[in-house]
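This report describes the fold of one protein chain for a reader who is new to structural work. Please keep the sequence and the structure in view while reading.

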Amino acid sequence: MTGMTTITLVQGDITRQSADAIVNAANSSLLGGGGVDGAIHRRGGPAILEECRRLRASKYGKGLPTGQAVATTAGDLDARWVIHTVGPVHSTTEDRSALLASCYRESLRVADELGARTVAFPAISTGVYRWPMDDAARIAVETVRATDTAVEEVRFVLFDERAYHAFAAQLEDGS
Ligand code: AR6
């Protein structure tokens, strides 16, 4: 299953991307929120929420645990699937970085199950969940590099210039 995964960076709105799968920085409820989550449900339309509700009524009655990932339709987005993952809230007293790494690894595992070859990720946990951008970029890039996946392109879609440069600095390091 090992292939060559290329990491690319784009500055912009992830809901404008064309990819096999777009990753959502969701919360455990799977029922929407602000940030990337709000944007994905707005632009993707009600089909995504409908499928999320079905997941809550079946496999994820208690919600999707932090660090895990699950796929739904991408609705009206230019993608086949949305992969929802729940990042950890940043803590200054507890190291939750393994959970943040798990979001990337589990999303890629789900992408492999689906047969997705191009996957767009936001900078998970760096918004409402307050993870410092440089550290989040390091964890994201290191985890993708260390993950055995058939995904050919991992595209990080960064909302602003600061996030873009944080990820670019990580790519220059040890690539
Ligand atoms: N495209 C790309 N990146 C974006 C976009 C967009 N359209 N909008 C925001 N970002 P966040 P989290 C950036 O808050 O920290 C939601 O309420 C943003 O600048 O979306 O994992 C969920 O329901 C930041 O760098 O996700 C959860 O409750 C990054 O995406 C909670 O927020 C992630 O910010 C999840 O918080």
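## Salt bridges

Arg155 and Glu153 are joined through their side chains by a salt bridge, with a nitrogen-to-oxygen distance of 3.0 Å. Both of these residues, Arg155 and Glu153, are buried. As with every value in this report, the distance comes from a predicted model. The count of salt bridges comes to 7.

Further examples occur in helix H3, which spans residues 97–114. Glu106 forms a salt bridge with Arg109, and the closest N and O atoms are 2.8 Å apart. These two residues are separated by about one helical turn, because Glu106 and Arg109 are 3 residues apart in helix H3. Arg109 also meets Glu113 in a salt bridge, at 2.6 Å from N to O. Here, too, the separation is about one helical turn, since Arg109 and Glu113 are 4 residues apart in helix H3. Glu113 counts as exposed because its relative accessibility is 60%. Through shared partners, salt bridges join Glu106, Arg109 and Glu113 into one network. Arg109 is partly exposed, with a relative accessible area of 39%.

## The sheet

Six strands form an open sheet: the 6 strands follow the order S1-S6-S5-S2-S4-S3, and their pairing is mixed. At the edges are strand S1 (6–11) and strand S3 (69–73), each of which pairs on one side only. On average, neighbouring strands of this sheet are turned by 25 degrees against each other, direction ignored. Strands of a sheet pair through backbone hydrogen bonds, in either a parallel or an antiparallel manner.

Strand S2 (residues 21–26) is mostly covered, as 5 of its 6 residues are buried. S2 runs parallel to strand S4 (residues 81–86), and 6 bridges join the two. Within this pair, Asn24 stands opposite His84 in S4. S2 also pairs in the parallel sense with strand S5 (residues 118–121), over 2 bridges. There, Ile22 stands opposite Ala120 in S5. S5 in turn pairs with strand S6 (residues 153–158), again in the parallel sense, over 4 bridges. Val119 has Val154 as its bridge partner in S6.

## Helices against the sheet

Which strands does helix H1 (residues 35–44) lie across? H1 lies across S2 and S4, and runs at about 130 degrees to S2. H3 packs on the sheet as well, touching S2, S3, S4, S5 and S6. The direction of H3 makes about 155 degrees with that of S4.

Is Ser107 buried or exposed? Ser107 counts as buried because its relative accessibility is 0%. Leaving aside neighbours within four places in sequence, Ser107 is in contact with Val23, Ala69, Ile83, Thr85, Ser102 and Phe121.

## Nonpolar cores

The largest nonpolar core has 37 residues, of which Ile83, Tyr104, Val119, Phe121, Phe156 and Phe167 touch the most other members. What does Phe167 touch, not counting residues up to four places away in sequence? The contacts of Phe167 are Leu9, Ala123, Met133, Ala137, Ala140, Val141, Phe156 and Leu158.

## Cysteines

How many disulfides does a search of the whole structure find? The search finds 0 disulfides. Cys52 is in no disulfide, and the nearest cysteine sulfur, that of Cys103, is 15 Å away.

Cys52 counts as buried because its relative accessibility is 0%. Cys103 likewise counts as buried, at 0% relative accessibility.

Methods:
Residues are numbered from 1 along each chain as its sequence is written. This is a predicted model: local features need pLDDT of at least 70, side-chain atom pairs count only at pLDDT 80 or more; totals for chains, interfaces and linings use all residues. Side-chain values use heavy atoms; hydrogens and water are left out. Buried means under 20% relative accessible area, exposed over 50%, partly exposed in between (1.4 Å probe, protein chains only). Contact means heavy atoms within 4.5 Å. Two strands pair if DSSP finds at least two bridges between them. A disulfide is a pair of cysteine sulfur atoms within 2.5 Å. A salt bridge is a side-chain nitrogen of Lys or Arg within 4 Å of a carboxyl oxygen of Asp or Glu. A nonpolar core is a set of buried Ala, Val, Leu, Ile, Met, Phe, Trp, Tyr and Cys residues joined through side-chain atoms within 4.5 Å. Axes are lines fitted to C-alpha atoms, for helices over the stretch in contact, and angles run from 0 to 180 degrees between N-to-C directions.
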